[in-house]
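Q: I would like to learn how to read the features of a protein model. Could we work through one together?

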Amino acid sequence: MKKLHSLALEQKEDAKHGESFFPVQKYITRLSTDYPVVTTHWHEEAELTLITQGDCFYQIDLIDYEVKEGDIVFIPPLFLHSISRGTSEKIFSETYVFHLNFLGGNSTDICSTRYLAPMMNQEFSMPHLITPEHPVYASLRKISNQIASLYDEAVIGYELALKSLFLKAVFLLLQYSEKTTSPDIGTPSDKLKNVLDYIEMHFAEPISVSDLAKLCYFSDYHFMRFFKKHMNMTCVEYINNLRLEKSVELFEQGNPSILDVSLSVGFHNLSYFHRAFKKKYHMTPLSFIKELKK
């Protein structure tokens, strides 16, 4: 039985989704009052998600979508996306993250040349939200159920069947897509990607608003408004949130020194680190370490 991953507050863009020879990974996402968002991120893989309980809001390529129980969400490679709670107390979804190379995206046949490679280059405008009213919904829902059954049972040859099902899902979505030109590197989406990339690489160092604004060729004021609009939080809040997530990783890897972890992730004031950690995780770093030992 494969390890089932849980996706709560974040899905890191540098995460490894599946194995190199089988780049497919199942995630169960749970949002609640304690874990209200999946922060904005992107990765090289595509995503196919079924909302199994509740309602929520997706932001895909900086466009908002209201998503309800039973809806299907498709996110092509390299698209910025995030999730936040709706009116429901709890939200659950089942996501399959898969690399198009698994479907033959890195080959030189006609399928790759005409469809998969252009998808990876964002040359197709494909539907992101598939509701029960959409013409392709019934077929896609059936495929989603088959994927879930095969992935969990892992019978002999199930990888072949999964590959065929993901290809069929892409085929169905392509019927409702349009060919576009390659995205302009100066789009708001790409500016935001550059900023998030920079923060990911330099989170342990001092980062100023001016540093980030220069990446977008914005004034500090314009940048702060731009970031808050698309991320639903200030850049300082985002940086602190990322640093706290990195600190949890270090604790989980066995580092018992709160001071070392605090400094390693960019918090140079231990008292502030304690307060921020407790506010986010509802326990102190020491309590968290004790819980890990249990």
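**Reading a residue and its surroundings**

A: In this predicted model, Ser 32 is buried, because its relative accessible area is 4% and buried means under 20%.

Q: Where does Ser 32 lie relative to the strands?

A: Ser 32 belongs to the loop that links strand E2 (24-31) with strand E3 (37-41).

Q: Which residues does Ser 32 touch, leaving aside those up to four places away in sequence?

A: With those sequence neighbours set aside, Ser 32 touches Arg 85, Glu 89 and Lys 90.

Q: With which side chain does the side chain of Ser 32 make a polar contact?

A: A polar contact is a pair of N or O atoms within 3.5 Å. Here the side chains of Ser 32 and Arg 30 form such a contact, at 3.4 Å.

Q: How many residues of E2 are buried?

A: Strand E2 is mostly covered, as 6 of its 8 residues are buried.

Q: How many bridges join E2 to strand E9?

A: Strand E2 and strand E9 (residues 91-98) run antiparallel and are joined by 8 bridges. For Gln 25, the bridge partner in E9 is Val 97.

Q: Which residues form a nonpolar patch on the surface?

A: The patch consists of Leu 259, Leu 263 and Leu 270, which together have about 240 Å² of accessible area. Of these, Leu 270 is located in helix H9 (residues 270-281).

Definitions and conventions. Residues numbered from 1 in each chain as written. Predicted model: local features only at pLDDT ≥ 70, side-chain atom pairs only at ≥ 80, totals over all residues. Heavy atoms only, no water. Helix = DSSP H or I, 4+ residues; strand = E, 2+ residues; numbered from the N terminus. Buried < 20%, exposed > 50% of the residue type's maximum accessible area, 1.4 Å probe, protein only. Polar contact = N/O pair within 3.5 Å; in protein donor to acceptor, adjacent residues only side chain to side chain. Contact = heavy atoms within 4.5 Å. Pairing = 2+ DSSP bridges. Patch = residues over 30% accessible without salt bridge, like charges linked within 9 Å, V, L, I, M, F, W, Y side chains within 5 Å. Areas by Shrake-Rupley, 256 points an atom, 1.4 Å probe, with all protein chains shown as cover. Salt bridge = Lys/Arg side-chain N within 4 Å of Asp/Glu carboxyl O.
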